[in-house]
Amino acid sequence: MGAEACSWFRPRVPMASVCLNHGLPVPQPFSFSVKYYGSVFCSIPRSPPSTSSYCRRWYNPLRLRPPSREISPDIRRHWVEDHQPLASGERFMVASYNILGDRNSTKHKDLYPNVPSNYMKWDYRKRVICEELIGLDPDIICLQEVDRFFDLRNTMQKAGYAGSYKRRSGDNVDGCAMLWKADKFRLLERESIEFKEFGLRDNVAQLSVFEMCKVESKRLVVGNIHVLYNPSRGDVKLGQIRFLTSRAQILSDKWGNLPVVLMGDFNSTPQSAIYKFLTSSELNIKLYDRRELSGQRSCHPAQVLGDKREWSSPFIVMDRLLKNGWTDEEVKVATGSSDCHLVVHPLKLCSSYSTVKGTTNTRDYNGEPLATSYHSKFFGTVDHIWYSDGLVPTRVLDTLPIDILKRTGGLPCKQVGSDHLALVSEFAFKEDTGNKTEDIPASGVDDISRST
């Protein structure tokens, strides 16, 4: 078993209950520099179109700006609401955020050529990230790429959060962290997943079963994952997601068919075969090149933001498929069996952002954000919030228009502490969910600080 670091903490001072102001006027923007508005979309002036010419495939529009120039566009994110007739009064808010590990930010400086050095420092980014999260006040937070967990804990604990942390195996220092409002949710059971134990690399995931403190009949399973980055290993990505969904279903069944929320950095775009797998619950892998399963290769800023995009002939695509067959081992990693080409998962999942429709300024044809991550080598969406039956999303915090992101020159920036944007969604339990409440002992909850 690889190295592990787990932690458990509770707030020192009990916090007052959080009021989500359902049905009330949307409050003014937070005092934090990133402003959040109500569901009415405000027009944002677009920057003038670029007059620069596209020269070659890997032309990078970021290099047009001198690295020393500080660009600080007004970062305004808006709440988008959706009327859900089956929504009950029991609501909660979740957030998913890849916060950019401190080690990764220094190890991969080439990804941030236009970001002023003071915005890359951990102390600055930690303050911006914590102020944003505390201002949003979500009830459950899933963080990825966390390597300064105890720094975050000291701040978030004072805001009323309890939490747990799972470090990646091997020589990695970052991992996943899950935080929750101790006065809103009670932890019933938790499970940490080391994918290395199943031949699926050093990534990790977390699963937790929560119960609302004031409405004990309302329970749910929450999952947090940071899927393998490597674009060429679509087989491993599928294997990790397949295993997480399977474990989530087992926990859901154990506690009485609970609804499930899965969050994280899935390192897969909305146009990818992996996204299709998540939405349809199955995928015939033989129809795809494993190196193209995640869609990441089509998200270089030169392709997305350039004046022209690379064009691929159908014959070239077919040639790729013929040249990149699957080995028996890769099939086994993806599907669980070398004799099976159909990978399946047991959950029926929907995306909260795809369900709560936005505008073409911020969404693609799937309804997903146009971009949740931006640096010199990537511009696109890899972060997702998924939910199963028994829940309905009532609102989401919309992401940013492309023209605003372009003006930052790349993330992090003055008002955003990571190279990703936080995704935030409010959910309501369905009125007819019929959530069962079996009295199952909450085993292992007080044992989180001990190695597994």
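A crossing is right-handed if the near helix is turned clockwise from the far one by less than a right angle, and left-handed if anticlockwise. Keep that in mind for this predicted model, where local features need pLDDT of at least 70, side-chain atom pairs count only at pLDDT 80 or more, and totals for chains, interfaces and linings use all residues. Residues are numbered from 1 along each chain as its sequence is written, and side-chain values use heavy atoms, with hydrogens and water left out.

**Stop 1: α3 and α4**

Select residues 122–136, helix α3, and residues 149–158, helix α4. Helices (H or I, at least four residues) and strands (E, at least two) are DSSP runs, numbered from the N terminus. The two axes come within 11 Å and cross at roughly 35°. Axes are lines fitted to C-alpha atoms, for helices over the stretch in contact; angles run from 0 to 180 degrees between N-to-C directions. The crossing of α3 and α4 is right-handed. Now show the side chains in contact (heavy atoms within 4.5 Å). From α3 come Trp 122, Lys 126, Cys 130, Leu 133 and Ile 134; from α4, Asp 151, Leu 152, Thr 155 and Met 156. They divide into 6 nonpolar, 1 polar and 2 charged. Here Ala, Val, Leu, Ile, Met, Phe, Trp, Tyr, Cys and Pro count as nonpolar, Asp, Glu, Lys and Arg as charged, and the others, Gly among them, as polar.

**Stop 2: α5 and α6**

Move to α5 (residues 234–254) and α6 (residues 273–280), packed at about 20° with axes 11 Å apart. That angle makes α5 roughly parallel to α6 (under 35 degrees; over 145 is roughly antiparallel, 65 to 115 roughly perpendicular, the rest oblique). This crossing is right-handed. Pick Gly 234, Lys 237, Leu 238, Ile 241 and Arg 242 on α5, then Ile 274, Phe 277 and Leu 278 on α6; these make the contact.

**Stop 3**

Phe 195 is buried at 0% relative accessible area. Phe 243, at 19%, also counts as buried (under 20%; exposed is over 50%, partly exposed in between, with a 1.4 Å probe and protein chains only).

**Stop 3: α9**

Select residues 328–335, helix α9, where Glu 330, Val 331, Val 333, Ala 334 and Thr 335 are buried. Their cover includes α5 and β13 (342–344). Gly 336 follows α9, with a positive phi near 100°.
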